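Open the model in your viewer and get ready to select side chains.

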Amino acid sequence: MVGPLWPALLVRPLDAVIVVAALVMAGVHVLSPVVRFSDEQARSRLLSFAGGVSVSYVFVHLMPELNAAADVVGSETVVVGMIPHQRVYIVALLGFVVFYGLERYVRCSWVDTDAEQPEGIFWFHVGSFAAYNALIGYLLVHRELTGAQGVLWFAVAMGMHFFVNDASLRHHHSDVYRRTGRWVLAATVLVGTAVGFLVDVGEPVLMLLFAFLGGSVVLNAIKEELPEHRDSRFWSFVAGAGGYTGLLVFA
């Protein structure tokens, strides 16, 4: 469905909030590689804090919305076929599994880290996250249903999430990510936002997209906390999750 949102583009104050939020989220990709820390511990604490924020958003804010929308999605059998009523959560699980498979493929395809990385692996990895970022940019527009506060909560959580993803992609791809990858990911956030203003897929499909995003965010945040090679900080993660949960509940 194309058209209904376009005439209102940048007419309402909320549209300006959405555009600014998209620019800030894109700016995270542009600026995060140049952020310098006093030591590695400070960097680890910030990454763990950011991971806690993004996971908190999924469990405390997004999942309750998906639960409320399950009846809407369940009524649209033409869109989702014969999957049971829990289809929203099955799609969330799918998002988790898809990005787990992506990470396993990238890790297993480049076992010899001393050898030059195949260009195809870089573009497959970055291309997958580009599609992911475009989805987030698209869904940012549709946070308008919860007002300016909903847009801001989403933008903060996803901005933190981008910061964590950036660290992972730089670890995998180093200089080529700094030169090219970060600009691709920044651009696709803005492309997704523009498409969000132009295209309305309808509430049932929208809820499925949010469900897929929820599962993906959880996987992409947690995979950075669990590996032994990264000095993650449990209490920083707890502070991010607890602090952001407090804001979502009481603000």
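Start at Asp-166, which is buried at 0% relative accessibility. Buried means under 20% relative accessible area, exposed over 50%, and partly exposed in between (1.4 Å probe, protein chains only). This is a predicted model: local features need pLDDT of at least 70, side-chain atom pairs count only at pLDDT 80 or more, and totals for chains, interfaces and linings use all residues. Residues are numbered from 1 along each chain as its sequence is written, and side-chain values use heavy atoms, with hydrogens and water left out.

Asp-166 and Arg-170 form a salt bridge, with the closest N and O atoms 3.9 Å apart. A salt bridge here is a side-chain nitrogen of Lys or Arg within 4 Å of a carboxyl oxygen of Asp or Glu. The two residues sit four apart in helix H6, so about one helical turn separates them. Helices (H or I, at least four residues) and strands (E, at least two) are DSSP runs, numbered from the N terminus. Arg-170 is buried too, at 14%.

Next, select Asp-175 and Arg-178. Their side chains meet in a salt bridge at 3.2 Å, N to O. Both lie in helix H6, three residues apart, about one turn. Asp-175 is partly exposed at 45%; Arg-178 is partly exposed at 34%.

Now go to Arg-143 and Glu-65. Their salt bridge has its closest N and O atoms 2.6 Å apart. Arg-143 is in the loop between helix H5 (119-141) and helix H6 (147-198), and Glu-65 is in helix H2 (residues 40-74), so the pair ties together parts 78 residues apart in sequence. Arg-143 is buried at 3%, while Glu-65 is partly exposed at 22%.

How many salt bridges does a search of the whole structure find? Three.
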